[in-house]
Amino acid sequence: MGSAGGNPWRPDLAAIALFVLAGVLVAGGLYLLWAARRGRDDEERVRLPIVGAVGVPTCLTVGLALLVGGYHAAVYGSPGVAGLPAVPVERWWLVAGLVAAACAGAAPAEVFERGGGR
């Protein structure tokens with residue numbers, strides 16, 4: 001893949017870090033989507049290794065948020081000629097904030113779903 005000036009694109013340390021972050025986020029998101037589909041128990045709860053049993057909507061919400069964050073991290077690490085649609089890199093904080101808000105918002109929704117909020 002070449003750049004606009006004819007020089008080959010060489011990833012710097014920031015691009016490599018963004019690709020690693022993107023891989024981790026996408027892998028986590030895909031795992032949560034897979035677990036929501038396959039890993040249900042009798043009460044329609046999903047058992048996750050670190051957090052325990054959560055609802056299917058929580059898995060889907062956090063999984064999709066991680067996929068969106070991973071996609072944007074990969075696009076931000078790519079050269080400018082990639083041409084992939086994404087939120088402008090100057091607004092990376094908006095993407096990170098919305099992903100964090102989706103994940104943080106899933107926690108109170110999970111408590112409410114379990115009956116703690118009624």
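**Figure 1. Cover over the buried face of helix 3.** Strand 1 (45–48), strand 2 (52–55) and helix 2 are among the elements that cover the buried residues of helix 3. Those buried residues are Val95, Val99, Ala106 and Glu110. Buried means under 20% relative accessible area, exposed over 50%, and partly exposed in between (1.4 Å probe, protein chains only). Helices (H or I, at least four residues) and strands (E, at least two) are DSSP runs, numbered from the N terminus. The model is predicted: local features need pLDDT of at least 70, side-chain atom pairs count only at pLDDT 80 or more, and totals for chains, interfaces and linings use all residues. Residues are numbered from 1 along each chain as its sequence is written, and side-chain values use heavy atoms, with hydrogens and water left out.

**Figure 2. Helix 2 against helix 3.** Helix 2 (residues 56–77) packs on helix 3 (residues 92–114) at an angle of about 170°, and their axes lie 9 Å apart. Helix 2 is therefore roughly antiparallel to helix 3 (over 145 degrees; under 35 is roughly parallel, 65 to 115 roughly perpendicular, the rest oblique). Axes are lines fitted to C-alpha atoms, for helices over the stretch in contact, and angles run from 0 to 180 degrees between N-to-C directions.

**Figure 3. Residues at the contact of helix 2 with helix 3.** From helix 2 come Pro57, Thr58, Thr61, Val62, Ala65, Gly69, His72 and Tyr76. They meet Trp92, Val95, Val99, Ala102, Cys103, Ala106, Glu110 and Glu113 of helix 3. Contact means heavy atoms within 4.5 Å. By class, ten residues are nonpolar, four polar and two charged. Ala, Val, Leu, Ile, Met, Phe, Trp, Tyr, Cys and Pro count as nonpolar, Asp, Glu, Lys and Arg as charged, and the others, Gly among them, as polar.

Figure 4. Arg45 sits in strand 1. Its relative accessibility is 12%, so Arg45 counts as buried. Glu110 is itself one of the buried residues of helix 3. The Arg45 side chain also reaches the backbone oxygen of Ala53, at 3.5 Å. A polar contact is a pair of N or O atoms within 3.5 Å; within protein, one must be able to donate a hydrogen and the other to accept it, and residues adjacent in sequence count only if both atoms are side-chain atoms.

Figure 5. Gly115 follows helix 3, with a positive phi near 110°.
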